[in-house]
Amino acid sequence: MAETKPSRKVVEYPPKHKDKSAHQTIYIYWAVPEDVPHLIEIERSASELFRHIGMDSVAYDEPPSEIHLIKDSISNRILLASEDPSLESSPVAYLSMELDEDHKTVYLAQVSVDYRYARKGIGERLIDHLEAYAHRKGYETIVLTTFKDVPWNGPYYQRLGFYELDAEQLKRPEHGTVSDHLDAEKENDRINKWSRVAMRKDL
Ligand SMILES: CC(C)(COP(=O)(O)OP(=O)(O)OC[C@H]1O[C@@H](n2cnc3c(N)ncnc32)[C@H](O)[C@@H]1OP(=O)(O)O)[C@@H](O)C(=O)NCCC(=O)NCCS
């Protein structure tokens, strides 16, 4: 007997920028543990971008562990994006998050788009989706850490409405998670050769 996939709740996003021919409808849905091999593939592919600008230690950094991704997918912390409404093809991008309910703050842990699907607005639509979800759930802020000067990091998030947090702002209670991540990154020799920053967007 043919196996039927359990149906999954999918949100459809029509092309956002009508002037960009590369943009097309995408479908966003929560990851489940069976998606983990795809997440690892996406992560490896997305990292390619860093190799092109000489940041090899970032490009070849290991993706998050399988067990970590399984746990996050079980607890609805990972969103996937696909160009295929049937979801039969592999997803092409993912986003992962940590939720700090006490401070109504979402930490955007990772956004990664398969290199072959970059610059089609998929990353932006995943972030839009996270913002709408977080707002609906009563969260007030999204925070993240990123490379300050890499074009698809600091400047990209700034374009999407995030602003950089200074040392004084980082002491605020709602910035505890992002501040801890920033401190850990400063100790990580694979990435600390390049400036890291913490950024925030108010919902
Ligand atoms: C950051 C990332 C998720 C963006 O996803 P995306 O779907 O390509 O993003 P969008 O199409 O929404 O926007 C792309 C913008 O990023 C910047 N960008 C992306 N690739 C770039 C490149 N190779 N050179 C210069 N700018 C680039 C540009 O501002 C671009 O906008 P444009 O196409 O209008 O010029 C994706 O580039 C990625 O996976 N990068 C590797 C992993 C990473 O750095 N993640 C973010 C840190 S957690």
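The model is a predicted one, in which local features need pLDDT of at least 70 and side-chain atom pairs count only at pLDDT 80 or more, while totals for chains, interfaces and linings use all residues. Residues are numbered from 1 along each chain as its sequence is written.

As for α4 itself, the buried residues are Ile 122, Gly 123, Arg 125, Leu 126, Ile 127, Leu 130 and Ala 134. Buried means that 20 or more other C-beta atoms lie within 10 Å of the residue's own, exposed means 12 or fewer, and partly exposed is in between, with C-beta atoms placed from the backbone. An α-helix has 3.6 residues a turn, so residues three or four places apart point the same way. With 15 residues, α4 reaches 21 Å from its first C-alpha to its last, close to the 21 Å expected at 1.5 Å a residue (the expected span being 1.5 Å times one less than the number of residues). After α4 comes Gly 138, with a positive phi near 90°.

Now for the sheet. It is open, has eight strands in the order β1-β2-β3-β4-β5-β6-β8-β7, and shows mixed pairing; two strands pair if DSSP finds at least two bridges between them. β1 and β7 are the edge strands, each pairing on one side only. β2 and β3 run antiparallel and are joined by four bridges, with Tyr 27 opposite Ser 82 in β3.

Further along, β4 (residues 93-100) pairs with β5 in the antiparallel sense over eight bridges, and Leu 95 stands opposite Val 111 in β5. These two strands make a hairpin with four residues between them, and Lys 104 in the turn has a positive phi of about 50°. β5 also pairs with β6 (residues 141-147), this time in the parallel sense over three bridges; here Thr 105 faces Thr 141 in β6. The chain gets from β5 to β6 by way of α4, in a right-handed β-α-β crossover, that is, one whose path from the first strand over the helix to the second runs clockwise when the strands point away from the viewer. Seven of the nine residues of β5 are buried, so this strand is largely enclosed by the rest of the structure.

β7 (residues 163-164) runs antiparallel to β8 and is joined to it by two bridges; Tyr 163 is partnered with Arg 200 in β8.

Then there is the ligand. Of the 18 residues around it, Ala 46, Gly 123, Glu 124, Pro 151 and Trp 152 come nearest, where a residue counts as near if its C-beta atom, placed from the backbone, lies within 6 Å. Two or more residues of this shell come from each of α1 (36-51), β5 (105-113) and α4 (122-136). β5 gives the most, with four residues. By class, the shell has nine nonpolar, six polar and three charged residues (Ala, Val, Leu, Ile, Met, Phe, Trp, Tyr, Cys and Pro count as nonpolar, Asp, Glu, Lys and Arg as charged, and the others, Gly among them, as polar).
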